[in-house]
Each structure stands twice: as C-alpha cells, then as structure tokens.
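Student: Could you walk me through this protein? I'd like to learn how to read its features one by one.

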Amino acid sequence: MSHPLLPAVLALVQQAGAAILPFWRQGVQVVEKADASPVTAADLAAHRILADGLQALDASIPVLSEEDADIALSERALWARWWLVDPLDGTKEFIADSEEFTVNVALIEGGQVVFGVVGIPASGVVYYGGSGLGAWRAEPGEEPQAIVVRETPASGLTVVASRRHGSALQEQLLAALVARFGDIERVSVGSSLKFCQLAEGSADFYPRLAPTSQWDTAAAQGVLEGAGGVVLTLQGEPLRYEAKESLLNPFFLALPADVEWRAVLVEQAKRLTPAN
C-alpha cells in the first residue's frame with residue numbers, strides 16, 4: 001500500500017539532501033538561533049527546496065518547518081492536514097562532520113502521522129513508511145526493501161540513545177531495565193536514525209527523556225509505525241501532533257508495538273518519571 005503524495009515527497013527529500021552535501025565538511029558558518037540551537041546555510045538551502053516543493057505539490061497543505069516555525073497557534077489550530085519538516089536533523093552531527101544527519105518530512109492529519117520520509121544525504125539511503133502503509137529502506141540504485149521491527153532477542157535488549165541528549169531520568173529507566181531484563185547493549189546514534197534502527201530490526205528500544213521538538217520525531221515515527229513499532233508518552237499513550245502553543249514533545253518511549261515487555265516498560269516509566 002502507498003500514498004499518492006509519497007513519490008513526490010521522496011523526490012523532494014533527495015533533492016534537499018543533494019543541496020546539503022556541498023556544505024558538508026566545508027567548515028560552514030554556524031549561526032545560533034534564539035533557542036541556542038545551531039543553523040547553517042545547509043539547513044536553509046534544504047528548507048527552501050522542501051517548503052517550495054511541498055507548496056507546489058499541494059498548496060492547500062500548510063508547511064511547518066523548523067526553519068519557519070513562527071506561526072501563531074490561532075492559525076495552526078485551523079489546520080486539518082499539514083507538513084512537518086526538519087530540513088536538516090542532526091545539525092550538530094553535520095557540523096561535527098558525522099554522517100548521522102537526516103532530512104525529515106512527515107504528513108500530519110488529525111494529530112497523527114500519515115507517513116514519514118527520512119533521508120540520509122551522506123549515504124543516499126532513504127527510509128519511509130506510515131501506519132497501515134508499511135515501511136521501507138531504499139539504497140541508491142536498488143529496489144526498496146520492506147523493513148519490520150524485530151521480536152525480543154534471546155540475548156537481551158539493544159537500546160539506542162542520543163550521544164548528546166541523555167538525562168538522569170533516562171539512566172534511571174535504563175537501570176530499571178537492566179534489573180528486569182539483565183544486561184542491555186547500548187548504541188549511541190544521532191538524529192532520527194534512532195527510530196530507523198528500531199524500524200529495521202537492529203535495535204529494540206529508544207527512550208527519550210530529554211526535550212525534542214515535533215519536527216525532530218514525526219517523520220521517523222511514521223517509519224517506525226509502518227514497520228510495526230509505536231511511540232508512547234510516559235503515560236503509555238501514543239505520541240501525537242496536536243496544535244498547541246509549544247512545539248516541544250513530551251518525553252517518549254519508542255519500541256516494537258507487540259513485545260511482551262511493553263506494559264512492564266510503561267509501568268517502570270510511570271514510577272520513575274513525572275508527567276511532563
């Protein structure tokens with residue numbers, strides 16, 4: 001199953017990635033935004049391609065991009081369907097010359113992700129999918145391959161976590177997992193690739209008990225949901241994208257939807273962490 005807008009969005013994500021690459025490892029100038037996060041000419045080049053391309057694709061669907069997010073709640077609250085875009089997710093990884101930066105585009109409808117596309121400019125790999133649509137990984141020049149989350153491995157859990165955005169609460173939750181399941185393997189990876197590792201079955205759990213914005217997560221959440229995963233708040237509810245004043249997400253847990261330890265994990269999260 002596919003979505004009629006998906007092929008065009010895949011092409012736009014690839015175009016945005018191509019626009020980013022000339023700036024990579026070139027010592028680009030970095031500007032600090034009001035929230036102290038960095039932005040580069042690469043972010044802005046990708047933003048222009050995606051914003052213009054999505055509007056040309058269907059002018060009736062508004063665009064909310066990290067690089068153009070100053071839109072009043074009174075306007076956003078009227079949107080039934082909208083694009084949520086991060087032109088360059090992992091800007092700090094990009095600045096540090098890592099390959100772990102991505103281009104993210106998600107279509108949102110009724111507070112839910114319809115589908116998401118996550119492109120990796122450095123390798124040309126693209127992940128895409130959505131709930132009820134399935135999920136795929138596409139290598140350059142090859143046919144896309146369907147991906148699915150894995151069942152719990154016999155040897156223990158693999159947890160992916162941010163290199164740069166850990167927290168004391170996250171460490172408490174992981175300690176509780178160790179007590180419940182034994183040793184866990186921890187893998188550190190940047191940007192939205194953490195969700196994609198779960199989606200393709202190379203990891204089991206991604207806890208995020210530190211701030212993220214809506215554009216950081218929506219596209220990769222679509223991929224994970226298409227692959228049979230779920231993203232939950234610490235209260236065990238699906239992570240949604242309702243119009244609200246703040247564009248920050250609540251803390252969340254990403255994992256395969258049907259694993260037997262899901263209820264145990266949510267219960268541990270409720271015990272260890274406050275609502276946020």
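Predicted model: local features only at pLDDT ≥ 70, side-chain atom pairs only at ≥ 80, totals over all residues.

Student: How many residues does each domain bring to the contact between domain 1 and domain 2?

Tutor: Contact means heavy atoms within 4.5 Å. Domain 1 puts 39 residues into the contact and domain 2 puts in 29 residues.

Student: And what area do domain 1 and domain 2 bury between them?

Tutor: Buried area is the accessible area (1.4 Å probe) that two parts lose on being put together, summed over both. For domain 1 and domain 2 that comes to about 2700 Å², with 61% of it on carbon and sulfur atoms.

Student: Okay, next feature: which residues have the most contacts inside the largest nonpolar core?

Tutor: First the general idea: in soluble globular proteins, nonpolar side chains tend to be buried together. A nonpolar core is a set of buried Ala, Val, Leu, Ile, Met, Phe, Trp, Tyr and Cys residues joined through side-chain atoms within 4.5 Å. Buried means under 20% relative accessible area, exposed over 50%, and partly exposed in between (1.4 Å probe, protein chains only). In this model the largest nonpolar core has 38 residues, and Leu64, Leu84, Ile108, Tyr127, Phe195, Leu224 and Tyr241 have the most contacts inside it. The helix α7 (214-226) is among the elements giving two or more residues to this core, and α7 gives the most, six residues.

Student: Why does this core lie between domain 1 and domain 2?

Tutor: Because domain 1 (5-146) and domain 2 (158-271) both give residues to it. Take Ile108: leaving aside neighbours within four places in sequence, Ile108 is in contact with Ala80, Arg81, Trp82, Leu84, Val113, Val114, Ala218 and Tyr241. Apart from this core lies another, of 30 residues, including Leu6, Leu54, Phe115 and Val126.

Student: How do I read a helix, say α1?

Tutor: Helices (H or I, at least four residues) and strands (E, at least two) are DSSP runs, numbered from the N terminus. The expected span of a helix is 1.5 Å times one less than its number of residues. Helix α1 (residues 6-20) has 15 residues and reaches 21 Å from its first C-alpha to its last, close to the expected 21 Å. Its buried residues include Leu6, Val9, Leu10 and Ile20. Among the elements covering the buried residues of α1 are α2 (41-57), β4 (81-89) and β7 (125-130).

Student: Last one: how many salt bridges does a search of the whole structure find?

Tutor: A salt bridge is a side-chain nitrogen of Lys or Arg within 4 Å of a carboxyl oxygen of Asp or Glu. The search finds seven, and the count between domain 1 and domain 2 is one. Asp204 and Arg150 form a salt bridge, with their closest N and O atoms 2.7 Å apart. That pair links distant parts of the chain, 54 residues apart. Asp204 counts as buried at 1% relative accessibility, whereas Arg150 is partly exposed at 25%.

Student: Which residues do salt bridges with shared partners join into one network?

Tutor: Arg137, Glu139 and Glu200. The side chains of Arg137 and Glu200 meet at 3.2 Å, N to O, and the closest N and O atoms of Glu139 and Arg137 are 2.5 Å apart.

Technical notes: Residues numbered from 1 in each chain as written. Heavy atoms only, no water. Domains from an automatic or database assignment.
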